[in-house]
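This briefing covers helix packing, model confidence, overall layout and a few individual residues. Please read it alongside the sequence and the coordinates.

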Amino acid sequence: MIGSANSRMAATPRMYSAVIVISVVAVVMMGINPWIGIIAGLAYGLSTYFFLIIDAGHITKMWALVYAPPLVASVWYALRRNMWVGAILASLFGSLELGANHPQITYYFLLVCLAMWISEFVFAVKDRVVSSFAYRTLLLVTAAFLALGSNLSPLWYTFEHQKY
C-alpha cells in the first residue's frame, strides 16, 4: 500500500540509519573524535525534526538534510586536508544533494559552504598560501560541475518549465 502509514514506517529505520552513519562520517572527516562523531550522528539522526518531516511526507527534504553535512565536510576536507579526496567526496555528495531535489535546503547549505570558503580565503591570504587555495578552489569548482552534470536531466527539465 503506497502512502500508507505502514509503508512509511517500514522505510524509516533505513533512513534513520543512513542519517546517523552519514552524519558520523561527516564529523569524523573533519577530524573530530569518532566517539563524539557517534554522539553527534545520533543527535542529528534521531532529532524530532526528521520524524516530523518523514511523517508529513517531506522525503526529499529529509534526504537533502542527510546529504548536506557530508557535503560541507567534503568542502572543508578539500580546503584543509587532502584536496583530491575532498573534491571527489564533494562531487559525490553534491550529486546526491542535487539528486535529492530540494533546492531550498541545497541553497542554505551552499551558503554555509560559501561562508566557509570566504573564511578559508581570508586565512589563505593571511598565511600567504593563495596559490594552493586557488588550486583547491578549482578542484571544488570542477567537483560542482560534475555534480551538476550528473543531475543535468532533471535540472534542465525544471529549468525548461519555469516559464509555465
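In this predicted model, the axes of helix α4 (residues 59–80) and helix α6 (residues 103–127) come within 9 Å of each other and cross at roughly 15°. That angle makes α4 roughly parallel to α6, where angles under 35 degrees count as roughly parallel, over 145 as roughly antiparallel, 65 to 115 as roughly perpendicular and the rest as oblique. Axes are lines fitted to C-alpha atoms, for helices over the stretch in contact, and angles run from 0 to 180 degrees between N-to-C directions. Helices (H or I, at least four residues) and strands (E, at least two) are DSSP runs, numbered from the N terminus.

**Conventions**

- Residue numbers start from 1 along each chain as its sequence is written, and side-chain values use heavy atoms, with hydrogens and water left out.
- Because the model is predicted, local features need pLDDT of at least 70 and side-chain atom pairs count only at pLDDT 80 or more, whereas totals for chains, interfaces and linings use all residues.

**Packing of α4 with α6**

- α4 passes α6 in a right-handed crossing; a crossing is left-handed if the near helix is turned anticlockwise from the far one by less than a right angle, and right-handed if clockwise.
- On the α4 side, the contact (heavy atoms within 4.5 Å) is made by K61, A64, L65, A68, L71, V72, V75, W76, L79 and R80.
- On the α6 side, the contact is made by I105, F109, L110, V112, C113, M116, W117 and E120.
- By class, the residues of this contact of α4 with α6 are 15 nonpolar, no polar and three charged; Ala, Val, Leu, Ile, Met, Phe, Trp, Tyr, Cys and Pro count as nonpolar, Asp, Glu, Lys and Arg as charged, and the others, Gly among them, as polar.

**Packing of α4 with α5**

- The axes of α4 and helix α5 (residues 83–99) come within 8 Å and cross at roughly 160°.
- α4 and α5 are therefore roughly antiparallel to each other.
- The crossing in which α4 passes α5 is left-handed.
- α4 contributes A64, Y67, A68, P70, L71, S74, V75, Y77 and A78 to the contact, and α5 contributes M83, V85, G86, A87, L89, A90, F93, G94, L96 and E97.
- The contact of α4 with α5 has 15 nonpolar, three polar and one charged residues.

**Packing of α4 with α7**

- The axes of α4 and α7 come within 9 Å, with a crossing angle of roughly 145°.
- The crossing of α4 and α7 is right-handed.
- V75, A78, L79 and R80 of α4 make the contact with F133, R136 and L140 of α7.
- Five nonpolar, no polar and two charged residues make up the contact of α4 with α7.

**Residues in α7**

- F133 lies in helix α7 and is buried, with a relative accessible area of 7%; buried means under 20% relative accessible area, exposed over 50%, partly exposed in between (1.4 Å probe, protein chains only).
- Leaving out residues up to four places away in sequence, F133 touches L79, W117, E120, F121 and A124.
- F133 and L79 are 54 residues apart in sequence, while their C-alpha atoms are 7.0 Å apart.
- A147 is also found in helix α7, and at 4% relative accessibility A147 counts as buried.
- Leaving out residues up to four places away in sequence, A147 touches S91, G94, S95 and L98.

**Loop residues with positive phi**

- N101 is in the loop between α5 and α6 and has a positive phi of about 60° although it is not a glycine.
- R128, in the loop between α6 and α7, is another residue other than glycine with a positive phi, near 60°.
- R128 counts as exposed, at 76% relative accessibility.

**Overall layout**

- The protein has eight helices and zero strands.
- Of its 164 residues, 37% count as buried.
- The C-alpha atoms fill a box of roughly 60 × 50 × 20 Å along the principal axes.
- Among contacts with a separation of 6 or more, 69% are between residues 24 or more positions apart.

**Confidence**

- The protein averages a pLDDT (the predictor's confidence in each residue, from 0 to 100) of 84, and 92% of the residues score at least 70.
- Confidence is lowest in helix α1 (residues 5–29), at a mean of 71, and highest in helix α7 (residues 130–150), at 93.
- Over residues 1–10 pLDDT stays under 50, and the model has five contacts beyond four places in sequence for them.
- Where pLDDT is low, the predicted coordinates should not be read in detail.
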